[in-house]
Every structure is written in C-alpha cells, then in structure tokens.
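Subject: Structure handover

Hello,

Here is the structure I promised you. Please open it next to this email and follow along.

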Amino acid sequence: MNTMFDTILQLPLFQGLAQEDFTNILGKIKLSFTKHKAGEVIVKAGDVCNRLIFILKGEVASTTLSKDMSYSFTEYFQAPCLIEPQSPFGMNTVYVSTFTARTEIHTVSVSKDFVTTELLRYEIFRLNYINIISNRTQNLNNRLWTRSAKSLEKHIKNFILSHIERPSGEKILKIKMEVLAQVMNDTRMGVSKTLNNMQEKGLLELHRGEIVIPDAEKLL
C-alpha cells in the first residue's frame, strides 16, 4: 500500500478499520484525488456539500463570515483532516466556511452517496463518524454554557474561543474596533485599551482591521 493510502488510514473516520475492510472499500469506492495551489479556493461558503473532502497533505485556511458580514474568523488546519464532516447531512447541507489552500495541498473526496450506501455499513466508520459529530456538538453546547465573563479581557477571550473550531494554532479575526466594541457592549476606548494590554502579554497582535491570535490555547 502506498503512502497516499497510509495517510487515508490515519484520518479519524478510517482509524481502526481492518485492513481487509479497507481493501474491500478500495475495490468499490471512487476516489477523486486533486491538487490545489496555494491561494486556490477548495470550496466556498454556501456551496452544496455533497461529498466528504479529506486534506491529505498541506495546510488549509478556513474562513467563516458572520451573518451580518461585519467580521470574520480564519483558522488553519494541517493535514490530515476532514472538511466540515457535519455539513453533508441535516437541514442545511451547504458549507458554512470557505476553505482555501494556504500551501499546496492534496485532497481526496468521497461522494455522499457512497458514504450512505457503502461506508456507513462498516461499524468502525459509523462509530468514528458519530464520535466526530458528537464531540463537535458537545463542544458547542459547552460554549453556550460558559460562565459570564467578569472582565472585558475575559469577555474578548470567550468571544474568540466561541467562534473557532479548534482551540489551538493561529487564528485571525477581521473586525473593526467599533464593531468589536458593540459586540462587547463596551466603549471603543475600553476595548482598545484591553486589546493593547493583551498584546503586551503576547496573547494577540493588533493590525489594521484585524487581530492575529498566534496561539489560541493561550486564551484558555
């Protein structure tokens, strides 16, 4: 088995799958392998999600825009990873975020039809998929019940952490200071002062119209 298929077996959905089962799947499955250059859009928010896309190599940027389009969050994921496993099913089967190649990336995709007719027949795949969706749901529920912040700095931290997929790695929040002040229900001056204090602590970097969080784990 070559390196490409070894990488596929490292993906969360396939971990624990017996070699015999995986070989059987490969005999039936139609895998679509693609390469994307740095800066190339893989999928856009609002596109219909009718497949599972696995990132096998490289780094991808995920950008999510707020409903009123007043701010956006961007975070980065290293391969191997899976793009929005929750989006093929449910009431709204479209991508929530736009995914762009930060470096050259290699992907493989599997149609939704094949997932439902073949892959879900395998218990390990079903359990892995259920665990991924359950963990995501539990994390979102925990965020909803986070205790109210007693300080503006904590409020800003909670705002950032509640909008990201994973509490690790670099994140970029594109937002105007006055918009963040409205979200925080505070003054622009108060928010600016707090952000500058956080920058001095090494928690974030302030740039024109955006806030860079080098390592979101420091906000925990």
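Is S72 buried or exposed? S72 is buried, because its relative accessible area is 9%. Buried means under 20% relative accessible area, exposed over 50%, and partly exposed in between (1.4 Å probe, protein chains only).

Two notes on the source. This is a predicted model, where local features need pLDDT of at least 70, side-chain atom pairs count only at pLDDT 80 or more, and totals for chains, interfaces and linings use all residues. Residues are numbered from 1 along each chain as its sequence is written, and side-chain values use heavy atoms, with hydrogens and water left out.

Back to S72. It is found in strand β5. Helices (H or I, at least four residues) and strands (E, at least two) are DSSP runs, numbered from the N terminus. Leaving aside residues up to four places away in sequence, S72 touches T63, T64, L65, I172, L173 and K174. Contact means heavy atoms within 4.5 Å.

Next, the UniProt record. An unreviewed entry lists residues 13–113 as "domain: Cyclic nucleotide-binding". UniProt positions follow the numbering used here, feature names are shortened, and annotations may be inferred rather than shown by experiment. Over residues 13–113 the chain is 12% helix and 44% strand. The end C-alpha atoms of that stretch are 16 Å apart.

Now a sheet. Four strands form an open sheet in the order β1-β8-β3-β6, with antiparallel pairing. Its edge strands are β1 (32–36) and β6 (81–83), and each pairs on one side only. Two strands pair if DSSP finds at least two bridges between them. Three bridges join β3 (residues 51–57) to β6. F54 stands opposite L82 in β6.

Then helix α6 (residues 177–184). Its buried residues are V179, L180, A181 and M184. They pack against β5 (71–78), α5 (152–161), β9 (171–175), α7 (188–200) and β11 (210–213). Just after α6, N185 takes a positive phi of about 55°.

How do α6 and α7 meet? Their axes come within 8 Å and cross at roughly 100°. That makes α6 roughly perpendicular to α7, a label for angles of 65 to 115 degrees. Axes are lines fitted to C-alpha atoms, for helices over the stretch in contact, and angles run from 0 to 180 degrees between N-to-C directions. M177, E178, L180, A181 and M184 in α6 meet R188, V191, S192 and L195 in α7.

Best wishes

Notes. Angles under 35 degrees count as roughly parallel, over 145 as roughly antiparallel, 65 to 115 as roughly perpendicular and the rest as oblique.
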